[in-house]
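Here's a quick tour to read alongside the model. Have the viewer open and follow along.

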Amino acid sequence: MSTDRPRYKHIDDVERLDYYEKGGYHPIQIGDYLHKQYRIVHKLGHGSYSTIWLARDEGLSRYVAIKVGTSGSNHKDFDIPNRLADHFAGEETRGRALVPSVLDRFDIDGPNGIHPCLVTKPAMCSLADTVEAGSFDPFRTDVARALAAQLAMAVAYTHSAGLVHGDIHFGNLLPRMPTGIDDLTDQQLYERYGLPEPEAVVREDGQPLSSPSVPSNVYACIWMGKPSNELSLDESKLILSDFGTAFSPDEESRFISYTPLEICPPEARFEPTKSLTFPSDVWSLGCMVWAILGAKPLLGSWLFGPDNATAAQVDILGPMPDDWWEKWGSPKKTELFHGNGKPKPGRSVWTLERLFEDSIQEPRREMGMEMIGEDERKAIFEMVKGMLKFSPSQRLSAQQVLETEWMRKWAIPEAERTWGTEGL
Ligand SMILES: Nc1ncnc2c1ncn2[C@@H]1O[C@H](COP(=O)(O)OP(=O)(O)OP(=O)(O)O)[C@@H](O)[C@H]1O
């Protein structure tokens, strides 16, 4: 995208306006038709590489989500859900329902270029939204178990097709829309969830918007979600979405992790010349299972940079491999530790036990929710520690995660209850 961009007056909670240019987003207004068949009804979300819209499929009388990619990027990820489905064609594979199924795929040619469009089912929101709306209150305990199991199944499914997801975080975990939405007229949908509110795009220099590259209005996203603590088991069917950073380790080397710092696998920092592979996802999965149980990341949002992340990892998990410890040349190391895995005396250390009390048990106690019993706590610790081994080769595989005691006894049964007769 160009660096000489016109500047626009800031509008809260919308996509980056300067991305509306050649190579960037496609300008879309409520009421527009895409591919002659899909009438845009509301906005669902936006990311760095796409805007996502709720549309009415006029042919099939249903609502759909349309992800409209920027024109200048390679959106090979748009084909991944189909690649996964083809990989397992004809097989009954657990996990298939947990990744998006593609309803349609087409391109649109607009003022900013050619944009790939992916049509899938609309979800309620992302778990990032539910957690924020719930002020970081925990999910109900049965819901948390069900979400964690589904996420592990989705990752195992992706891995068994030879792909690493590469970006497993709350923003990419979408609770499915409960059935019944398709019966709503636009009017009923707007009465239930609110009308789209157009916000005029205005240039800072006062010049008119003369370019067709820029939409005259942008929209905040529809809110069809629920706060974390109100999500019921029925509303907890999960989709692992956004394969934008997925890769096949057999076909491609990947030395950079695109995950946020709090879930970034440590080998991305300490073994930068080795390609990431499946265990990098398992690290993120371990962090996310914990985050689902606590509605907060394992390594907090107070992380200021990679040194803080590494220090928190050592506090939680103990010594790191000696060669990594030697490589870690930051003053932070000597400020906080007097040896590998040895915090300086007197320092307040956030151990796994302390974090469990603070972010998983205590909020549940305060809210009168089902607590996690001692046997379950032990099983969670064993599994999470197996996923969060510093050394990638020692981590559990996603399939082994599904075979752990916690998954078998506590989490998978809740996921199965969530899906009921529909089956996973
Ligand atoms: N099918 C869907 N139904 C409802 N909301 C969706 C759907 N797909 C995406 N969203 C919303 O849009 C947001 C952005 O989607 P997504 O992460 O796929 O975009 P992206 O451009 O690939 O983003 P990134 O910047 O992470 O690469 C999600 O966090 C979610 O809130």
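Which residue does the UniProt annotation "binding site" cover? According to the unreviewed UniProt entry, that residue is Lys67. Keep in mind that this is a predicted model.

**The annotated lysine**
- You'll find Lys67 in strand 4, which runs over residues 62-69.
- Lys67 counts as buried because it has 26 C-beta neighbours inside 10 Å, and 20 or more is the cut-off.
- Leaving aside residues up to four places away in sequence, Lys67 touches Ser50, Ile52, Cys117 and Leu118.

- The protein splits into domain 1 (1-122 + 178-223) and domain 2 (123-176 + 226-424).
- Taken over C-alpha atoms, the centres of domain 1 and domain 2 are 29 Å apart.
- Where the two meet, domain 1 puts in 18 residues and domain 2 puts in 20 residues.
- On the domain 1 side of that contact, helix 1 (residues 80-87) gives the most, with three residues.
- That domain 1 side is made up of twelve nonpolar, three polar and three charged residues.

**A glycine in a loop**
- Gly300 sits in the loop that links helix 6 (278-294) and helix 7 (306-317).
- Glu15 is 285 residues from Gly300 along the chain, and the C-alpha atoms of the two are separated by 26 Å.

Technical notes. Residues numbered from 1 in each chain as written. Predicted model: local features only at pLDDT ≥ 70, side-chain atom pairs only at ≥ 80, totals over all residues. Helix = DSSP H or I, 4+ residues; strand = E, 2+ residues; numbered from the N terminus. UniProt positions renumbered as here; feature names shortened; annotations may be inferred. Buried ≥ 20, exposed ≤ 12 C-beta atoms within 10 Å, placed from the backbone. Contact = placed C-beta atoms within 7 Å. Domains from an automatic or database assignment. Nonpolar A, V, L, I, M, F, W, Y, C, P; charged D, E, K, R; others polar.
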